[in-house]
Amino acid sequence: MPRPLNVILDLTARCNLKCVMCYFANTDRLLFPPFDAPPLSDDGNMPVEVFEKIAADLFPRAWRVALACAAEPMIHPRFREIVGIAGRYGVPDLWFPTNLLALTEPTAQALISARVTTVAASIDGMRKETYEKIRVPAKWERLIACLDLLRSVKKAARSKTPRLRIIFTWMKSNHGDLA
């Protein structure tokens, strides 16, 4: 069956950071259009049943699925379950952008089990001072620990995926770090 679709969805309307360049900096939760529609949930997280319906309808025809766009997917309280559901559909390019700070060992193992192809980590500074100034209230040490955790879980599982991609938002305050 052909897979012509590229699906991009947010699992939550929330983020755990208030980055200086982001629209989350001034809000607790994003509101998505249509703005007059009743929310799917009170906590800003997509119900798993809704995700299952979307996955069943679209993922068998999707070449690429992004499990986030504007929010932090790993703070969804049932993220591992959602990743497992997504993995059932054999999507050739299953990926998501993340700040990586909510990564745990069980989550890293779930990513491998679901055959997530890429984790795109938003890292806007290559030095503690730059990173922490931009990604508020993130801690450099936690980021490094999460990067090490992802690498060690992949190594233990003898898995080449998920690949790590770095997202770097270039600004005057961090252009020196880009090199």
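Analyst: A residue here counts as buried under 20% relative accessible area, as exposed over 50% and as partly exposed in between (1.4 Å probe, protein chains only). The model is predicted, so local features need pLDDT of at least 70 and side-chain atom pairs count only at pLDDT 80 or more, while totals for chains, interfaces and linings use all residues. Residues are numbered from 1 along each chain as its sequence is written, and side-chain values use heavy atoms, with hydrogens and water left out.

User: Why is Tyr89 called partly exposed?

Analyst: Tyr89 has 23% relative accessibility, so it counts as partly exposed, whereas Phe59, at 0%, counts as buried.

User: What makes the pair of Phe59 and Tyr89 edge-to-face?

Analyst: Rings of Phe, Tyr and Trp (its six-membered ring) pair if their centres lie within 6.5 Å, and planes under 30 degrees apart count as stacked, over 60 as edge-to-face and the rest as tilted. The centres of Phe59 and Tyr89 are 6.0 Å apart and their planes stand at 90°, so this pair is edge-to-face.

User: Which parts does the pair of Phe59 and Tyr89 tie together?

Analyst: Phe59 lies in the loop between helix H1 (48-58) and strand S2 (62-66), and Tyr89 in the loop between helix H2 (79-87) and strand S3 (93-98), so the pair ties together parts that are 30 residues apart in sequence; helices (H or I, at least four residues) and strands (E, at least two) are DSSP runs, numbered from the N terminus.

User: How do you know that the span of helix H5 agrees with expectation?

Analyst: The expected span is 1.5 Å times one less than the number of residues. Helix H5 (residues 140-157) has 18 residues and should span 26 Å, and its end C-alpha atoms are 26 Å apart, which agrees. Its buried residues include Trp140, Leu143 and Lys154, and Arg158, which follows H5, has a positive phi near 50°.
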